[in-house]
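Please read it alongside the sequence and the structure shown below.

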Amino acid sequence: MVKREIFDFANQHKSALIFAAGFATAVVGKKILESKVVKDTATDCVAGVMALKQDAEDRVSEIKEDAEAQLEEDEEEEKKLIEVEDGEEEKPKKSSKKSKKSKK
């Protein structure tokens, strides 16, 4: 019987009970969020995220520097290859004339 009465009361006052439950949840939530344990945990989490961010930025800058250095090296090698190819094109022309003269 008592269960039936409680159920009937709750059924008649749904809005009031929902309001009371929301209010109780807000009060309990505020107490939890103000606790020292939650503050310490949140601080540790934020500090960890900031450390990860800094580490990622450092690694990205290192990768960027390495890529720029590699690009400069590749450009220097390409210039050397072009110079060598230009020099090789002239040498065979001279050697081919010499070879014709030596055959005569």
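## Terms and basis of the model

In this report, buried means under 20% relative accessible area, exposed means over 50%, and partly exposed means in between (1.4 Å probe, protein chains only). Accessible areas themselves come from the Shrake-Rupley method with a 1.4 Å probe, and for residues only the protein chains shown count as cover.

The model is predicted: local features need pLDDT of at least 70, side-chain atom pairs count only at pLDDT 80 or more, and totals for chains, interfaces and linings use all residues. Residues are numbered from 1 along each chain as its sequence is written, and side-chain values use heavy atoms, with hydrogens and water left out.

## Overall architecture and confidence

The chain contains 3 helices and 0 strands, where helices (H or I, at least four residues) and strands (E, at least two) are DSSP runs numbered from the N terminus. Along the sequence this gives the pattern α-α-α. Helix H2 covers residues 14–33, and helix H3 covers residues 36–103.

Confidence is expressed as pLDDT, the predictor's own score for each residue, from 0 to 100. The chain has a mean pLDDT of 83, with 80% of its residues at 70 or more. Helix H2 has the highest confidence, at 92, whereas helix H3 has the lowest, at a mean of 81. Where pLDDT is low, the predicted coordinates should not be read in detail.

## Solvent exposure

Of the 104 residues in the chain, 0% count as buried. The chain exposes about 10200 Å², of which carbon and sulfur atoms supply 61%.

A salt bridge is counted when a side-chain nitrogen of Lys or Arg lies within 4 Å of a carboxyl oxygen of Asp or Glu. By this rule the chain has 3 salt bridges. In one of them, Lys36 pairs with Asp40, with the closest N and O atoms 3.9 Å apart. These two residues are separated by about one helical turn because Lys36 and Asp40 are 4 residues apart in helix H3. Lys36 counts as exposed because its relative accessibility is 63%, while Asp40, at 37%, counts as partly exposed.

Glu57 and Lys53 form a salt bridge at 3.8 Å, N to O. Lying 4 residues apart in helix H3, Glu57 and Lys53 are also separated by about one helical turn. Glu57 is partly exposed at 41% relative accessibility, and Lys53 is exposed at 53%. Asp55 and Arg59 meet in a salt bridge at 3.4 Å, N to O, and both lie in helix H3, 4 residues and about one turn apart. Asp55 is partly exposed at 35%, and Arg59 is exposed at 52%.

## Surface patches

Patches are made of residues with over 30% relative accessible area and no salt bridge; like charges are joined within 9 Å, and nonpolar side chains (Val, Leu, Ile, Met, Phe, Trp, Tyr) within 5 Å. For charges, Lys and Arg count as positive and Asp and Glu as negative, while His and the chain ends are not counted. Each charge is placed at NZ of Lys, CZ of Arg, CG of Asp or CD of Glu.

Which residues form the negative surface patch? Its members are Asp58, Glu62, Glu65, Asp66, Glu68, Glu72, Glu73, Asp74, Glu75, Glu76, Glu77 and Glu78. Among them, Asp74 lies in helix H3 and counts as partly exposed because its relative accessibility is 35%.

A nonpolar surface patch of about 350 Å² is made by Phe19, Phe23 and Val27. Val27 is located in helix H2, and its relative accessibility of 37% makes Val27 partly exposed.
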